[in-house]
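The sequence and the structure come first.

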Amino acid sequence: MVWNAPSYQDQFSYVWQHGEGLLSQLNPQAGERIVDLGCGTGQLTAQIAMSGAEAIGLDYDHDMIAQAQANYPQLNFQVANAEDFRVPSPVDAVFSNAALHWVQQPEAAARSIAAALKPKGRLVAEFGGKGNIQTILTALEEVSGQNNLSPWYFPSVGEYSVLLESAGLEVIYISLFERPTALGEAGLAGWLEMFSQRLFSNLSPSEWFELVKAVEAKVPQLYRLESPLEDRKARPTEDRKVKNQKGGWIADYRRLRVVAVKI
Ligand code: BEZ
């Protein structure tokens, strides 16, 4: 898969901005060696490095790594696949934000993560969990007439715990939670173009345009992305204001956050 790295960096900054909470959970320490797995354009790798840790940013997309290197020439970025990456010597932590749902062989990725860690080294990761973007997926499937469209890995708490334990990691924290996510200026059309257009490579530009319009029409009509979220009195988020004031979109993201330690 090929990413449009400049467009990703310009329009999808919310991806790494949401990752800043996960950095607190990582709590990187000066002198530690930490892999940022699926580092994208490198913004969180740079924040890890600011702690004094040695940060190694890995991503399987060449354009993302080129952009990360241009952004932070002093840092170490390399093209690598989560499923088979290797590090020259074991690291203190593997950090991963919004990347592991792209992995096609999650068992292989878990084995690579375990192999990269020192004993007692930690995995701190967050990505799409069970039910993530279900509203968008359902609308895409209905509009396109295709079933089982998702190329993504969105596991449950139980499924992912078993997988990590099988790879030799002890799960010490895991949580699946809703995180309504404002899609910013790019909106739903921009999100679909960046993340799902590749699923419809057979469509002409005008057919793609029609599909996007149909999904946009279907999502608020049938599923109303914002409605269930607006019912949540506990979450008076800025996200909702974006929708209400600017006619923006909020996606039904569900995150799986996990901390696991190599046994
Ligand atoms: C996510 O961050 O949950 C996500 C992003 C793009 C496609 C699928 C999921």
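## The lining of the largest pocket

The residues that line the largest pocket divide into 28 nonpolar, 10 polar and eight charged, where Ala, Val, Leu, Ile, Met, Phe, Trp, Tyr, Cys and Pro count as nonpolar, Asp, Glu, Lys and Arg as charged, and the others, Gly among them, as polar. The pocket holds about 750 Å³ of space, and of its 46 lining residues Trp3, Ala98, Ala99, His101 and Trp102 are the closest to the centre. Two or more lining residues come from each of α2 (14–18), β1 (33–37), α4 (43–50), β2 (54–59), β4 (91–97) and α9 (187–196), and α2 gives the largest share, with four residues.

The model is predicted, so that local features need pLDDT of at least 70 and side-chain atom pairs count only at pLDDT 80 or more, whereas totals for chains, interfaces and linings use all residues. Residues are numbered from 1 along each chain as its sequence is written, and side-chain values use heavy atoms, with hydrogens and water left out. A pocket is an open set of points on a 1 Å grid over the protein atoms alone, where a 1.4 Å probe fits, with protein on both sides within 12 Å along at least five of seven lines, and lining residues have an atom within 4 Å of a point. Grid points are joined across faces, edges and corners, and the volume is the space filled by probe spheres set on the points.

## The second largest pocket

The second largest pocket has a volume of about 160 Å³, and Asn4, Ser7, Gly190, Glu193 and Met194 are the closest to its centre among the 10 residues that line it. Both α1 (5–11) and α9 supply at least two of the lining residues, with the largest share, three residues, coming from α9. By class, this lining has four nonpolar, four polar and two charged residues.

## Overall fold and helix α6

The chain has 12 helices and nine strands, which are DSSP runs numbered from the N terminus (helices H or I, at least four residues; strands E, at least two). Of its 263 residues, 53% count as buried, that is, under 20% relative accessible area, while exposed means over 50% and partly exposed in between (1.4 Å probe, protein chains only). Of the contacts (heavy atoms within 4.5 Å) with a separation of 6 or more, 75% are between residues 24 or more positions apart.

Helix α6 (residues 106–116) is largely enclosed by the rest of the structure, because eight of its 11 residues are buried. These buried residues are Pro106, Ala108, Ala109, Ala110, Ser112, Ile113, Ala114 and Ala116, and they pack against β1, β4, β5 (117–128), α8 (157–166), β6 (169–178) and β9 (254–262).

## Individual residues

Ser96, in strand β4, is buried with a relative accessible area of 1%, and a polar atom of its side chain lies 2.9 Å from the backbone oxygen of Leu37. Asp252, in the loop between β8 (250–251) and β9, also counts as buried, at 15% relative accessibility, and a polar atom of the Asp252 side chain lies 3.4 Å from the backbone nitrogen of Gln134.

Asn27, in the loop between α3 (20–26) and β1, has a positive phi of about 50 degrees although it is not a glycine, and is partly exposed at 47%. Asn148, in the loop between α7 (134–144) and α8, likewise has a positive phi, near 50 degrees, and counts as exposed at 72% relative accessibility.

Notes. Polar contact = N/O pair within 3.5 Å; in protein donor to acceptor, adjacent residues only side chain to side chain.
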